[in-house]
Amino acid sequence: MKTRRIFLQKASLSAMALAVPTLNPLSAMTKPADTLPKNAQTLRVAIMGLGSYGTRVAEAIQSCTRTKLAGVISGTPSKVVDWREKYGIPEKNCYNYENFDAIKDNPDIDAVYVITPNALHKDQVIRVAKAGKHAICEKPMAVNAADGQAMVDACKAAGVHLLIGYRMHFEPNTLEVIRMRKAGELGEIRFFQGLSGFVIGDPSQWRLDPELSGGGAMMDIGIYSINGARYMVGEEPIWVTAQEVKTDPEKFNEGVDETITFQLGFPSGAIASCLSTYNMNDLDRFYLNGSKGWAEMQPSTGYGPIKGTTHKGPLTEPIVTHQTVQMDEMAAIIFDDKKAEVPVNGEEGVKDMKIIDAIFKAIKTGGKVDLNLG
């Protein structure tokens, strides 16, 4: 399977080999062992889906202070064997897609990180919840808001957490821009621009199969600009308009979007203009404009390092391995009831899915679609 974010391929290929040993996880820098909560619990995670991104998460977990790779779930027996040998995973903690409900009786696993094709997330997360385990789900959480809400409801009914893999919500330079905005250093926010795109490769991959992906570029990378607009502006949008362009209908067939531009309106009057595409390379940029200043991030959502500058100068926060920080922070959310600066709960994921649903509706109708995200 192709790398999860091909539009970051140049940076990612070198980062894959170097990220864990050379990048310092934020948790390790800000929370040395002697400052962690007394008797801090370790989150024991089973990864479901052992593709390229599952591998990246597994490698990042090796540097975690509060998270341990405890199990695997895969439909490919050879991968299970490889992971068992590489990470020292007991055979009793290894499952396939048919029998993983048995984790209910396995006290060695606290949570399952679902990293499978989008259309599988709903049923798999609900099964995890029914097994009494916390669920971490890669974004997009589902293929539409209704499925996302069903996942939220199932996890609430089971009394377990549902967290979405929004790694940028813990990234230091991103959080610094959010801090500046909250402190009033940018003044009144007036405009956001989000560009997310790359030229996708293998036409047979699941991301171009609407039955598995639920869409195309919008589900995969456009969601970064949607989510980024919300946390950068600091408001929930109240309307959306959108336009679609498709230059290769053979590769991007019915139900698979190639390029979408969309606009969001916010209660304050701020607006966002965003692009999501599988047909243009090197698009990974956020720009935020306020009455007193501005912030630009490029790359803005890649695996790292995230770079940017503001009207005050370059962003210089620590370089981190995103997934390492994400997993340790999620351990704190689950065990210590820590509140993330930007939420990563299931409700947050549903809001993004409501916007994606509305974008597809706006394309069909050609009009403005009102949003009510609560």
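The exposed residues Pro77, Glu85 and Lys86 are carried on the face of H4 that is turned away from its buried side. Here, exposed denotes over 50% relative accessible area, buried under 20%, and partly exposed the range in between, for a 1.4 Å probe and protein chains only. The structure is a predicted model, in which local features require pLDDT of at least 70 and side-chain atom pairs count only at pLDDT 80 or more, whereas totals for chains, interfaces and linings use all residues. Residues are numbered from 1 along each chain as its sequence is written, and side-chain values use heavy atoms, with hydrogens and water left out.

Helix H4 spans residues 77-87, and its buried residues are Val80, Trp83 and Tyr87. These residues lie on the same side of H4, because they cover an arc of only 70° around the axis; the arc is that of the directions from the helix axis to the C-beta atoms. An α-helix has 3.6 residues a turn, so residues three or four places apart point the same way. Helices (H or I, at least four residues) and strands (E, at least two) are DSSP runs, numbered from the N terminus. The buried residues of H4 pack against strand S1 (43-48), helix H3 (52-61), strand S2 (67-73) and strand S3 (94-95), where contact means heavy atoms within 4.5 Å. Asp82 also belongs to helix H4; with a relative accessible area of 47%, Asp82 is partly exposed. The C-alpha atom of Asp82 is separated by 50 Å from that of Leu186, which is 104 residues away along the chain. After H4 comes Gly88, with a positive phi near 65°.

Strands S1 and S2, against which H4 packs, belong to an open sheet of six strands in the order S3-S2-S1-S4-S5-S6, with parallel pairing. Its edge strands, S3 and strand S6 (162-164), each pair on one side only. Two strands are taken to pair if DSSP finds at least two bridges between them. Strands of a sheet pair through backbone hydrogen bonds, either parallel or antiparallel. Six bridges connect S1 and S2 in the parallel sense, and Ala46 has Gly71 in S2 as its bridge partner. Strand S2 is largely enclosed by the rest of the structure, because six of its seven residues are buried. Further along the sheet, strand S4 (residues 111-114) and strand S5 (residues 134-137) run parallel and are joined by four bridges; Ala111 stands opposite His134 in S5.

Several loops contain particular backbone features. The peptide bond from Lys139 to Pro140 is cis, with omega near -5°, and Pro140 lies in the loop between S5 and helix H6 (145-158). A cis peptide bond is also found from Gln298 to Pro299, with omega near 0°. Pro299 is located in the loop between S12 and S13. Thr301 is found in the loop between strand S12 (294-297) and strand S13 (308-310), where it is buried at a relative accessible area of 1%. The side chains of Thr301 and Asp284 are joined by a polar contact of 2.9 Å. A polar contact is a pair of N or O atoms within 3.5 Å; within protein, one must be able to donate a hydrogen and the other to accept it, and residues adjacent in sequence count only if both atoms are side-chain atoms. Asp282, a residue other than glycine, has a positive phi near 65°. This residue lies in the loop between S10 and S11 and is exposed, with a relative accessible area of 57%.

Five aromatic pairs are found in a search of the whole structure. One of them is stacked: the ring centres of Phe252 and Tyr278 are 6.4 Å apart and their planes lie at 25°. Rings of Phe, Tyr and Trp (its six-membered ring) pair if their centres lie within 6.5 Å, with planes under 30 degrees apart counted as stacked, over 60 as edge-to-face and the rest as tilted. The pair links distant parts of the chain, 26 residues apart, with Phe252 in the loop between strand S8 (239-245) and strand S9 (259-265) and Tyr278 in the loop between strand S10 (271-277) and strand S11 (283-290). Phe252 is buried at 3% relative accessibility, and Tyr278 is buried at 1%. Together with Phe198, these two residues form one aromatic cluster.
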